[in-house]
Amino acid sequence: MSQLLTSYESEFKTLLESTKSEITNKPRSTVSIETNKDELLELLEQMDIEVNNHIPAGEKAQWRAHMRDLKRDLQNSVVQPLNKLMEDRQRDILFGNVDLEQGLDSNPDYANMDEEQRRQLLDSHHVLNKTNTRLQDAQRMANDTEQIGSQIMTDLRSQRETLEHSRAHLSQADTYLDKSVRTLRTMSRRLVANRVISYAIIAVLILLILLVLYSKFQ
C-alpha cells in the first residue's frame, strides 16, 4: 500500500471530522467550511490518482469501493449540510430575517468586500426586500380575491337554491291552477246542463197548461 495514500486518507478523515463538528455548531460564517470542503475534494482527487497509479491491480477494486464510501460520506456530512446552511442564510436575507446593513460589518463572510461590492449587495438586498413586499401584497390580494370569489359562489348557490324553490312553487301553483280551471269548466258545463233542463221543464209545463186550457174550452 502506498504510504502517501495512507497519509492522504488519514488527513482526509481528520479534516472531515473537524468539518462535521464545525457544521454541527452552525457558524455565522461558512467560509471555513467551504475551504475545508475544497481541501477534502482535493484530497480525494489525490487519493484517486494514487489508487490508479500506485495500487496493485488486485487491490484496486477494494480501494475504489472504499473511495466511493469516502465520497458518499463527504457528500452526506459536508456538501449537503453546507448547501443547506447557505440556502437558509440566503432565505433569511431574502425574507428580511437578517439585517444586512448591520450584518456586513460583523459577518466574516463580507469582511473583505470593498465599498462597491458592499453597495451592490445592499442594493440587491433592497431590491429583494421590495420584491418580497410586492409578493406578499400580491399574495394578500390573491387571498382577498379568493375569499371574495368564495363569497360570490356562496351567494350564487344560495340564489340558485332560491330560484329552484321558486320554480317548484310556481310549478305547484300551475298544477293547482290547472285543477281549478278544470273544476270551473265542469261547473260551467253542469250549469248549462241545469239551465237546459230547467228550460225544458218550463216548456213542458207550459205545454201541459196549454193542453189543459184547450181541453176545457172544447
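**Basis.** I worked from a predicted model, in which local features need pLDDT of at least 70, side-chain atom pairs count only at pLDDT 80 or more, and totals for chains, interfaces and linings use all residues. Residues are numbered from 1 along each chain as its sequence is written, and side-chain values use heavy atoms, with hydrogens and water left out.

**Packing.** I looked up α1 (residues 3-24) and α2 (residues 31-54) and found their axes 9 Å apart at an angle of about 160°. Helices here are DSSP runs of H or I with at least four residues. The two helices are therefore roughly antiparallel (an angle over 145 degrees). I noted their crossing as left-handed, that is, the near helix is turned anticlockwise from the far one by less than a right angle.

**Contact.** I then listed the contact (heavy atoms within 4.5 Å). On the α1 side I noted L4, Y8, F12 and L15 among others, and on the α2 side residues including I33, L40, L43 and M47. The contact residues divide into 13 nonpolar, four polar and five charged.

**Helix α2.** I checked its length: 24 residues at 1.5 Å a residue should span 34 Å, and the end C-alpha atoms are 34 Å apart, which agrees. Its buried residues (under 20% relative accessible area, 1.4 Å probe, protein chains only) are I33, N36, L40, L43, L44, M47, E50 and V51.

**Residue Q3.** I located Q3 in α1. Q3 counts as exposed because its relative accessibility is 72%, the cut-off being over 50%. Q3 and E50 lie 47 residues apart in sequence, and I read 9.8 Å between their C-alpha atoms.

Methods
Axes are lines fitted to C-alpha atoms, for helices over the stretch in contact, and angles run from 0 to 180 degrees between N-to-C directions. Angles under 35 degrees count as roughly parallel, over 145 as roughly antiparallel, 65 to 115 as roughly perpendicular and the rest as oblique. Ala, Val, Leu, Ile, Met, Phe, Trp, Tyr, Cys and Pro count as nonpolar, Asp, Glu, Lys and Arg as charged, and the others, Gly among them, as polar. The expected span of a helix is 1.5 Å times one less than its number of residues.
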